[in-house]
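Good morning, everyone, and thank you for making the time. I would like to walk you through one model, beginning with the whole chain and then turning to some local details.

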Amino acid sequence: MSDTDARAARLALERLLPANAWGLPIGFADAVEGYVGLLLEANRRLNLTRVVEPDAVARLHLLDALASLPILDSLAPARAVDLGSGGGVPGIVLALARPQVKWTLVDSVGKKADALRGFVDALGISNAEIIAARAEDLGRDPAHRERYDVVTARACASLPVLVEYALPLLSVGGTLLAWKGPMSDDEVRAGAAATAELGGLTPGVRPTELDALGEHRFVVVSKNRPTPSRYPRRAGHPARRPLG
């Protein structure tokens, strides 16, 4: 059944893609179909996604991830890290769509990270590595702190919490690219205050420009100075006591 649903999701995505298809590489459609099959099969054992109906997978997972490509391409990253990768959206989809970028996919749940490693191995994705870690710990690790050109995150946390996870990982000049739905004025204000504290510029909000994605939008935060060494705070503190 997962193979049949994966094929249906691929066909649904092809109907949703804009005419230019964002310059997707040869073989992308086959690879993303294989990914969906692996995701749905693994989801029978693990809680990776609540979205399993093929049309919904195409729209809410695949198209939603790919809609970031115009922004991502304008940033031209060499190294990117995806926080809270879960079942691989957007990280796996973007690694398939942009094989020239070196991707690090991060999830704090070991079983989810193991599933991601299985996907990467099965699909032969050579430009992605998987790490099981909390973002706060990674942001204090010299091997990862201020090493990335782009941080991506989808449905990861409220904006003030997310920027404390993300900005310590970005090099100066790097960018956080976050998938968000509607945000309250309080979340926007707190996010802007937290960003200023962490070394970033005022967050910008950009629409997806795709009717199929409704009120989904992207929040873009550029980093213009080093993050103070006291951030990120210890694991759990950003969520319990958000900045801003």
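Let me start with the contacts, where contact means heavy atoms within 4.5 Å. Of the contacts in the protein with a separation of 6 or more, 74% are accounted for by residues 24 or more positions apart. Please keep in mind that this is a predicted model, in which local features need pLDDT of at least 70 and side-chain atom pairs count only at pLDDT 80 or more, while totals for chains, interfaces and linings use all residues. Residues are numbered from 1 along each chain as its sequence is written, and side-chain values use heavy atoms, with hydrogens and water left out.

The protein has 10 helices and 7 strands, these being DSSP runs numbered from the N terminus, with helices as H or I of at least four residues and strands as E of at least two. The C-alpha trace spans about 50 × 35 × 30 Å along its principal axes. The radius of gyration, taken over C-alpha atoms, can be set against a globule rule of 2.2 Å times the number of residues to the power 0.38. For 244 residues a compact globule would come out near 18 Å, and the protein, at 17 Å, agrees with that. Of the 244 residues, 54% are buried, where buried means under 20% relative accessible area, exposed means over 50%, and partly exposed lies in between, with a 1.4 Å probe and protein chains only.

Two packed helices are described by the angle between their axes and the distance between the axes. Here the axes are lines fitted to C-alpha atoms, for helices over the stretch in contact, and the angles run from 0 to 180 degrees between N-to-C directions.

Helix 1, residues 2–16, packs against helix 3 at an angle of about 55°, with the axes 8 Å apart. That makes helix 1 oblique to helix 3, given that angles under 35 degrees count as roughly parallel, over 145 as roughly antiparallel, 65 to 115 as roughly perpendicular and the rest as oblique. Helix 1 contributes Asp5, Ala8, Ala9, Ala12, Leu13, Arg15 and Leu16 to this contact, and among the residues of helix 3 are Val57, Leu62 and Leu66. By class, the contact of helix 1 with helix 3 has 11 nonpolar, no polar and 4 charged residues, where Ala, Val, Leu, Ile, Met, Phe, Trp, Tyr, Cys and Pro count as nonpolar, Asp, Glu, Lys and Arg as charged, and the others, Gly among them, as polar.

Helix 1 and helix 2 pack at about 135°, with their axes 8 Å apart, and that makes helix 1 oblique to helix 2. The residues of the contact of helix 1 with helix 2 divide into 8 nonpolar, 2 polar and 7 charged.

Helix 2, residues 28–43, also packs with helix 3, residues 54–66, at an angle of about 130° and with the axes 13 Å apart. That makes helix 2 oblique to helix 3. In this pair Phe28, Val32, Tyr35, Val36 and Leu39 of helix 2 meet Val57, His61, Leu62 and Leu66 of helix 3, and the residues divide into 8 nonpolar, 1 polar and no charged.

Let me turn to the backbone. Most residues other than glycine have a negative phi, and most peptide bonds are trans. Where, then, is the peptide bond from Val89 to Pro90 cis or trans in this model? The Val89 to Pro90 bond is cis, with omega near 10°, and Pro90 sits in the loop between strand 1 (79–83) and helix 5 (91–97). A cis bond also joins Tyr231 and Pro232, with omega about 0°, and Pro232 lies in the loop between strand 7 (217–222) and helix 10 (237–240).

As for phi, Ala76 has a positive value of about 50° although it is not a glycine, and Ala76 is exposed, with a relative accessible area of 60%. Ala155 has a positive phi near 50° and is exposed as well, at 74%.

I will finish with Asp107, in strand 2 (residues 102–107). Asp107 is buried, with a relative accessible area of 6%. Not counting residues up to four places away in sequence, Asp107 touches Gly84, Ser85, Gly86, Lys112, Ala113, Ile131, Ala132 and Ala133.
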